[in-house]
Amino acid sequence: MNSFLEVRGWRATRDTAFEALVFIPGYNCSLEYAIKRFGQLLSLGEFPAHIKPFVFSWPAGDLTMYFRAIEQGVESDRTAKDFTDFITRLKNSGCRHVHILAHSLAARLVMKSLPLLER
């Protein structure tokens, strides 16, 4: 069984090390919408095969839940721990570099998580 994600049009490289591009959608953005927009960016951007895409989703709420999304989402210790665990697992799996694309309110999650990450 192949444990790697296969993306049509990407060629495998001999080098097992890779780079990750992690997209974190902003407030009031469903996972489905985030994946579609990120996929569009990847398609139009013609990224090299060694850069692997990932989406980190968090409880982003909807129009009526802005302050709850902040409290229980981007500024929550649990979400920050989940994000740092995710980044750590990427690094432990052979990822050379992690590039983060955080939209809108998701930037607060990244800023909260940075001090928790080991270099």
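1. In the protein, of the contacts (heavy atoms within 4.5 Å) between residues at least 6 apart in sequence, 80% join residues at least 24 apart. The model is a predicted one, in which local features need pLDDT of at least 70, side-chain atom pairs count only at pLDDT 80 or more, and totals for chains, interfaces and linings use all residues. Residues are numbered from 1 along each chain as its sequence is written, and side-chain values use heavy atoms, leaving out hydrogens and water.

2. The protein has 4 helices and 3 strands. Here helices (H or I, at least four residues) and strands (E, at least two) are DSSP runs, numbered from the N terminus. Read from the N terminus on, the order of elements is β-α-β-α-α-β-α.

3. An open sheet is formed by the 3 strands in the order β2-β1-β3, with parallel pairing. β2 (51–55) and β3 (95–102) stand at its edges with a single partner strand each, so one side of each has no neighbour in the sheet. On average, neighbouring strands of this sheet are turned by 25° against each other, direction ignored. Two strands count as paired if DSSP finds at least two bridges between them.

4. Strand β1 (residues 18–24) is joined to β2 by 5 bridges, and the two run parallel. One of the residues involved is A20, whose bridge partner in β2 is K52.

5. Helix α4 (residues 106–113) lies across β1 and β3, and runs at about 140° to β3. For such angles, axes are lines fitted to C-alpha atoms, for helices over the stretch in contact, and the angles run from 0 to 180 degrees between N-to-C directions.

6. N28 has a phi near 60°, a positive value in a residue other than glycine; N28 sits in the loop between β1 and α1 (31–45). E46, likewise not a glycine, has a positive phi of about 50° and is placed in the loop between α1 and β2.

7. Are these two residues buried or exposed? N28 is partly exposed, with a relative accessible area of 36%, while E46 counts as exposed at 68% relative accessibility. Buried means under 20% relative accessible area, exposed over 50%, and partly exposed in between (1.4 Å probe, protein chains only).

8. Of the 119 residues of the protein, 32% count as buried. The protein exposes about 8500 Å², of which carbon and sulfur atoms supply 55%. Accessible areas come from the Shrake-Rupley method with a 1.4 Å probe; for residues, only the protein chains shown count as cover.
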